Amino acid sequence: MTILHTQDLTKAFGGVVAVDGVTVEFQDTLINGLIGPNGSGKTTFFNLVTGMIRPDAGNVFVHGREVTAWSPHRIVHTGLGRTFQICRVFPRLTVLDNMLVALRRTRLRELFGGLGNRADVERARTWLTRVGIDHLERAEARDLSFGQQKLLELAAVLMAEPSLILLDEPAGGVNPALIERIADLVRDLNAEGRTFLVVEHNMDFVMNLCNHVVVFDRGRPIASGTPAEIQSDARVLEAYLGV
Amino acid sequence: MSGSLFAQGLALGLLAGGLYALLSSGLTLYFGVMRVVMVAHPAFLFLAAYTTYFLHRVTGMDPLLTIVATVPLFFAVGIGIQRLLVSRLAPESLAMMSVLLTFALALLIEGGLGVVATGSYRSITVEYATSAVRVFGVALPIDKLIGFGIAAVTFVAIFLILRVTRFGKALRATIQHPTAAMLVGIDTNRVRGIGFGIGLATAAIGGAVLAIIDPFFPAAHWDYIGKLMAIIVVGGLGSVQGAAIAALLLGAIEGVVQVSAGATWAGLIFYGFLFATLLLRPQGFFGGRLAERF
Amino acid sequence: MPNASDLMTGAAARRAAIVVAAAVLLVYPWIAPNSYLRYAGVLVVMYAVLATSWNLVGGFTGYVSLGHAAFFGLGAYGTGILIIDLAVPHVLALAISTVGVVVFAVVVGLAAVRVRGASFVIVSIALVTMMSLIAQDARELTGGSSGLRVPPISADLDRTSNHLLFFNLFAALLFLAALTWWFIDRSRFGAGLKAIREDEDKAEALGVPTTAYKVAVFALSAGFTGVAGGLYGMWFGNLDPIFLFSIIVGANMVIMALLGGVRHLFGPTVGALIVVPASEYFLARFGETQIHIVFSGVLLGIVVLFMPDGIIPKVRVLLRRFGPVSSSIREETQQEFRDRQGVGA
């Protein structure tokens with residue numbers, strides 16, 4: 001069933017229409033891909049869906065609920081998480097503290113309990129082990145390598161137990177071994193029931209990982225289907241090659 | 001409130017708005033060039049006023065002529081501040097630390113002025129500017145007219161520099177995208193230094209104007225900082241035109257309120273506008289697309 | 001990685017230092033040789049409270065408020081006016097006034113935290129300047145520029161016992177403020193606040209309700225500051241709008257917290273311990289001139305340019321130079337990487 005859909009979603013910056021009346025649906029249990037040339041509106045689309053910017057027009061629905069113009073943290077609490085194109089972690093907090101910031105809905109009492117709330121720390125450690133950086137638990141995030149930070153960012157997002165995860169260029173600037181690891185992780189998490197929406201430029205990554213791909217060009221979707229269908233679609237080739 | 005009183009207040013307010021416009025253009029430059037909120041700008045304004053005052057007292061020089069001496073001096077100081085102090089701040093905490101640093105500068109200047117010149121009010125009266133012209137029944141004091149004129153001319157000059165000259169284009173490029181500017185060969189460090197210098201030069205000119213139109217004392221710069229900040233927030237950050245429009249508008253309103261309800265309320269309207277803008281439209285009203293949030 | 005015995009002596013040393021400091025704090029008013037030093041002692045503790053309260057906002061969220069004196073003044077005037085005009089008993093007046101300050105802070109905070117960074121600083125400056133203007137102007141209420149006299153808490157309180165009483169009251173308030181800071185530092189609330197400082201948008205994207213958090217800690221900080229203001233009014237007796245709503249007072253709070261170190265529990269207190277005696281010295285030496293303003297400016301400039309993390313980290317680095325060599329995190333992970341060849345990293 002539909003986990004995320006938008007209706008006539010529009011956002012313009014000055015004279016540039018970044019997202020142009022986008023009506024699109026994404027199904028759950030899938031690893032969805034979102035590709036398109038630079039400037040086609042993919043990251044703006046992410047920002048609109050996650051509440052970081054307000055649309056000029058249109059609506060966003062997550063799990064069938066309208067979340068248009070909700071503040072980002074409220075949208076997160078509906079079960080949505082996202083990573084950023086330029087990996088963002090909290091530089092001067094330790095890896096463990098980075099994990100513990102991520103909140104599901106908490107009761108007031110839990111807010112003032114010590115950070116050492118055992119259940120949460122255990123959960124954090126489990127995720128850190130799963131992505132492979134548990135040995136860095138007490139390091140400050142800014143001392144981590146770029147790849148380690150990417151893994152940390154993903155692990156922190158997972159702490160909030162999202163059912164829909166938006167990944168913004170997860171393979172960007174990362175070495176092939178790590179790309180493989182991230183792809184495996186995504187597959188495992190998907191098998192456990194989590195839905196993904198991945199923006200990527202790395203075509204191999206997208207085509208090998210995703211089961212459904214939507215192509216954006218100049219602010220609107222121009223094609224959607226399986227990776228095979230997309231790769232042979234004339235409109236897609238035209239958009240990418242600019243013919 | 002009678003029509004003539006209203007017109008009087010409006011006229012005086014507009015004249016004051018001219019000076020505000022000049023000063024806020026300087027502030028906009030600092031922010032655009034270095035993302036620095038130069039809280040010490042009004043303090044330098046008063047430093048310039050004192051310098052003009054003492055030069056006038058000691059040498060008998062016409063206060064407006066002192067601009068010839070103070071402008072190059074302040075320009076150099078501006079470059080120095082940017083090169084030696086501001087550029088030392090770490091980029092990730094620049095917004096915060098630059099405010100604190102310039103705040104420290106303001107304290108230094110205020111304290112220094114207080115020690116050297118004591119807290120008594122100072123003012124200069126020039127013989128040719130003691131009367132007023134009457135236009136449509138409104139009395140326009142000549143000293144304020146002169147002040148407005150100088151401020152307006154300087155403002156237009158700066159605007160033209162920014163728009164027309166090659167340096168101005170380099171400055172605007174550095175403001176909009178420092179990395180891209182560097183990539184096309186602009187020496188952004190030099191540009192930044194000069195931008196700062198221009199900003200302080202406007203303080204020098206403003207100071208000379210201030211010296212002849214109003215009495216001043218060291219601690220008065222805090223009032224100015226509130227007003228100027230309100231003006232650039234209402235006008236929209238990074239927009240020189242926006243700041244000018246806001247300056248004239250708020251100056252006019254201040255003038256009207258001053259003649260009807262007194263100086264305190266006149267001062268308070270700036271803060272009212274500041275909070276209202278932050279609540280309703282934090283990116284300001286007149287800045288157009290260039291305007292951004294801090 | 002420092003070895004276990006180092007960690008133990010480090011923590012033990014810190015604990016010992018705190019105990020010694022607390023002991024000194026408790027006996028100081030009794031052993032101070034004259035009235036002036038007793039007065040100065042009260043001043044130090046009061047500023048320690050102010051700086052620690054400020055640090056609840058500044059240290060955790062990174063939002064620098066240069067106008068915190070607004071709450072100080074409000075607390076003082078609120079308490080004073082309730083006592084003088086409405087004959088409310090002192091303690092009750094303090095309580096009511098504090099509630100008022102907190103409510104005010106929530107309202108102002110909701111507007112103020114809509115902006116960040118330097119804009120927020122400007123808003124705080126605007127707030128305190130505004131209050132200063134209003135206070136000087138509202139003669140009937142505040143006594144205008146000539147000030148207000150608050151009657152002492154009890155008629156038979158002589159100067160010495162007055163200083164003694166308020167020294168202890170401020171010390172108790174400092175203890176409360178420090179305890180609050182300590183609790184927040186270790187809580188999830190605190191982690192959220194620190195995340196806001198590091199990357200506010202990212203914190204929001206992880207589910208932290210940033211506006212609610214910011215306003216909450218802002219109001220908390222304002223509350224403590226307001227209580228300090230009320231106590232000051234009762235202790236000093238004389239309310240002067242220029243001092244109470246002074247940007248310089250607000251700046252000093254910031255300087256003390258920065259100087260001592262905003263990331264440490266007692267950083268602001270250390271800052272107060274350094275700055276207050278120094279500025280009292282300047283006042284005594286150079287009288288009523290503006291030299292102390294120059295001093296504040298120079299000190300703030302030095303701290304910002306050369307030790308933005310405060311004095312405590314610098315001292316630690318110095319002490320560590322005399323301790324055993326520790327290895328960096330990087331080396332450790334390299335080592336572990338070699339051990340875990342091919343697995344992970």
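Author: Chain B has a mean pLDDT of 82, and 94% of its residues reach 70 or more, where pLDDT is the predictor's confidence in each residue, from 0 to 100. This is a predicted model, in which local features need pLDDT of at least 70 and side-chain atom pairs count only at pLDDT 80 or more, while totals for chains, interfaces and linings use all residues. Residues are numbered from 1 along each chain as its sequence is written, and chains are lettered from A and ligands numbered from 1 in the order in which they are written.

Over residues 290-294 of chain B pLDDT stays under 50, and the model has 22 contacts beyond four places in sequence for them, a contact being two residues whose C-beta atoms, placed from the backbone, lie within 7 Å. Where pLDDT is low, the predicted coordinates should not be read in detail.

Strand S1 (residues 132-135) and strand S2 (residues 138-141) of chain B pair in the antiparallel sense over four bridges, and strands pair if DSSP finds at least two bridges between them. B:Val135 has B:Val138 in S2(B) as its bridge partner, and in this hairpin, which has two residues between the strands, B:Phe136 takes a positive phi near 50°. Helix H10 (residues 240-261) of chain B has 22 residues and reaches 30 Å from its first C-alpha to its last, close to the 32 Å expected at 1.5 Å a residue, the expected span being 1.5 Å times one less than the number of residues. After H10(B) comes B:Gly262, with a positive phi near 105°.

Helix H13 (residues 267-286) of chain C has 20 residues and should span 28 Å at 1.5 Å a residue, which agrees with its end C-alpha atoms being 28 Å apart. The buried residues of H13(C) include C:Gly267, C:Pro268, C:Val275, C:Val276 and C:Ser279; buried requires 20 or more other C-beta atoms within 10 Å of a residue's own, exposed 12 or fewer, and partly exposed lies in between, with C-beta atoms placed from the backbone. These buried residues of H13(C) pack against helix H2 (35-61), helix H12 (247-260), helix H14 (291-306) and helix H15 (311-321) of chain C.

Chain C is divided into domain 1 (56-245) and domain 2 (248-321), with bounds from an automatic or database domain assignment. Taken over C-alpha atoms, the centres of these domains of chain C are separated by 21 Å, and their contact takes 13 residues from domain 1 and nine residues from domain 2. On the side of domain 1 of chain C that touches domain 2, H2, helix H3 (69-86) and helix H7 (159-186) of chain C each supply at least two residues, and the largest share, three residues, comes from H7(C). That side of domain 1 divides into nine nonpolar, four polar and no charged residues, where Ala, Val, Leu, Ile, Met, Phe, Trp, Tyr, Cys and Pro count as nonpolar, Asp, Glu, Lys and Arg as charged, and the others, Gly among them, as polar.
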